[in-house]
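Open the model in your viewer and keep the selection tool at hand. The stops come in order.

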2 protein chains.
Amino acid sequence: MQRDLKFNQIDGGITAVDGFLASGVASGIKKKAQLDLAIIYADKPCTVAGLFTKNSFCAAPLLLNKKHLKKGNGRAIIVNSGNANAYTGKQGMADAKAMAVETALILNIPTESVYVASTGVISEALPIKKILTALPSLSSSLSKEGGKRAAEAIITTDTFLKETAFEGKIGQRTVRIGGIAKGSGMIHPNMATMLAFLTSNVAMDKGLLQEALSEAVDASFHRITIDGDTSTNDMVLLFANGEKKYTIKTKGLLYRRFVALLKITCLSLAKMLVKDGEGATKMVEISISGAKNDKSADAIGFSIAKSLLVKTAFFGEDANWGRIVAAIGNSGIKVSPSEIDLYFGPIQLVSKGVYLGKAVEKEVTAYLKNKELLLRLSLQSGLGKALIWTTDLSLDYVKINALYRT
Amino acid sequence: MQRDLKFNQIDGGITAVDGFLASGVASGIKKKAQLDLAIIYADKPCTVAGLFTKNSFCAAPLLLNKKHLKKGNGRAIIVNSGNANAYTGKQGMADAKAMAVETALILNIPTESVYVASTGVISEALPIKKILTALPSLSSSLSKEGGKRAAEAIITTDTFLKETAFEGKIGQRTVRIGGIAKGSGMIHPNMATMLAFLTSNVAMDKGLLQEALSEAVDASFHRITIDGDTSTNDMVLLFANGEKKYTIKTKGLLYRRFVALLKITCLSLAKMLVKDGEGATKMVEISISGAKNDKSADAIGFSIAKSLLVKTAFFGEDANWGRIVAAIGNSGIKVSPSEIDLYFGPIQLVSKGVYLGKAVEKEVTAYLKNKELLLRLSLQSGLGKALIWTTDLSLDYVKINALYRT
């Protein structure tokens, strides 16, 4: 049945999967009584997969999670926003541990089954007392409906909460994946200030689940860039609470279906991060094809996606293809001008390296007024391709980041 | 005599060296009758050294110059601003050649002794007729005083013209170096949209002169960054018209003195480029010491210098040292938090990884109101050091680049 092969977006976010509850409260870290403390709870032990920032100053909670990931199963994720608990030394580590210990005590689960995440300002001491004081009311308000409050409690400068869920038949069973995420500065491959938490009813052993998560993240969160910076706090965690009937044992067809479902879920969240990039007024999908190989395509695509001159041109709705060409040339990949076909959405502006004229450019200029843009570069060097998502660089980006702490 | 070892800044720019004349006119490429065509002329054949962009789409004039550089001596540099003659295909190459041929004819010098440069908008056809029409009046107005007009004619979005000259005793002789340059977007190591022309009365063979220029540029133009982009048109050319008495034959003491003089001249121009970076309100000198080696120091320094979050914090006069730490962690170099000493000008804010408190931060915030800032990072890993100059990232940067062509 063809219909069954499709994946469907469903309601419910992180708690769309049976067995998961969540909640969010205002603990007083953020001003104005905004939600700033979230919890995700699994009613039975989960297999956990995790990916962590490559920034060499890994924040305290991530160091703790890496330890917990080696030990056993997962039961809860406790997350605060407003303070990153990063570059906070021994006290930071003690605070991260205290968050895990107290959460475990209240929920009567093992400490090493609790994962901790923090996001916000770097290098200021975590207001741990506020967090510990709020933990009882946070735990007692756990519910299916609390997923949205959790999604809201983890955001910082984000302008909207980010949640999604998908389901699809994998073999005879309907597998679900739910997720929430937060952006919105420092988004870049290798997971800048970005948190994503995912739940699923699949049953896989730890190694295989970790491989699946790596594959899905490489095709989603690692393909977005906003300002090229990476942060000390980013992570993706996937909790799988599956019963036997949802078991995937080998890297066969069922595994590939699950990775596809996971990719769709991650990409759905990743695109929300881009749309909500700090100050972003446009989301730009950059599609490269015909490069020598995928690595070359990536290098060219990211060179375009990260160029400040290209990004400011998108903000100015300026069909400045010269800057795109300069960015291609700046990628380190050898490209002959005569093999460049460049499209803005459906409109081709450059054919085999030749500019198609002012009349066409006028069409492109009109197209650039859209909020979601597609830039397509087709080369003739091979079969390499890449898809990357980026934003424009706006006046608001500078305003937000020049004044973040004040 | 100690005094003789010093180098002195002198008046005169590109024509401070005897035997060089220059001029600038308005040929009509730019609107509003601004100067847009410059010439630098040597009254005798010069040894030439040159460095060119590493962007793989090298603009037509650069391809021509590379050929001329292989052939022989130099007599003139003809430069237009307002149009980069880049990504302009065969017609672009023909136009660049026409500029050389016509200049050679008018000045009665060999075509291959004429070097060509263009800067401005990429990928639009060069208005070659306007240039050729203006060549006779340009050539007939050559003079010693024309250096300043030449400096003015090569700028694009620059807000001030950039010229400098130094002299100093090298052995028994007083050697002079004069120079002009233009920025101001896309400044980055490997010479983004940046032109610099230098003259000297030294006499060196081509290979040695080229080595000296490489050394000097590595310590100056390659150590500045504004927006991380590189362009298709950048180059540095050095014309040396020296008589026998100014001869430097080997890489001994005289050579080292000359390289030092050349470095000072290049650095003087490079700092002007940073100060005039598009929309820049601050120039920030980043000094790294105690890194494992110079390469590590460079990686850390450039990671800080290029971070949009650090640059916007400087614009906001925000002592956001957390972002600096994140940028260090993002450099790919392993650094232990406990070895970080961080100074803003004379004020230490972080000692052995420990933040020195709000009172000190207040001093730093006051210091950040200065236009020229020093950020000093001292590590304990080795003897590696680096000096890098960057700008803040301002609202005007975005405004200028979003609206450049309109």
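The tour visits a sheet, then salt bridges, then a charged patch.

This is a predicted model, in which local features need pLDDT of at least 70, side-chain atom pairs count only at pLDDT 80 or more, and totals for chains, interfaces and linings use all residues. Residues are numbered from 1 along each chain as its sequence is written, chains are lettered from A and ligands numbered from 1 in the order in which they are written, and side-chain values use heavy atoms, without hydrogens and water.

**Sheet.** Select β9-β16-β11-β15-β12-β13-β14 in chain A: an open sheet of seven strands in that order, with mixed pairing. Strands are DSSP runs of E, at least two residues, and helices runs of H or I, at least four, numbered from the N terminus. Two strands pair if DSSP finds at least two bridges between them. The edges are β9 (224-225) and β14 (354-355) of chain A. Now take β13 (residues 347-351) of chain A, antiparallel to β14(A) over two bridges. A:Val350 sits opposite A:Tyr355.

**Salt bridges.** A salt bridge is a side-chain nitrogen of Lys or Arg within 4 Å of a carboxyl oxygen of Asp or Glu. Pick A:Arg223 and A:Asp298, joined at 2.4 Å, N to O. A:Arg223 lies in the loop between α6 and β9 of chain A and A:Asp298 in helix α8 (residues 294-306) of chain A, so the pair ties parts 75 residues apart in sequence. Next, select A:Arg256 and A:Glu215, bridged at 2.8 Å, N to O. A:Arg256 is in helix α7 (residues 253-275) of chain A, and A:Glu215 in helix α6 (residues 206-218) of chain A.

**Patch.** Finish on A:Lys66, A:Lys67, A:Lys70, A:Lys71 and A:Lys97, a positive surface patch (residues with over 30% relative accessible area and no salt bridge, like charges joined within 9 Å; areas by Shrake-Rupley with a 1.4 Å probe). Helix α2 (residues 60-71) of chain A gives the largest share, four residues.

Methods:
Patch = residues over 30% accessible without salt bridge, like charges linked within 9 Å, V, L, I, M, F, W, Y side chains within 5 Å. Lys, Arg positive; Asp, Glu negative; His and termini not counted. Charge placed at Lys NZ, Arg CZ, Asp CG, Glu CD.
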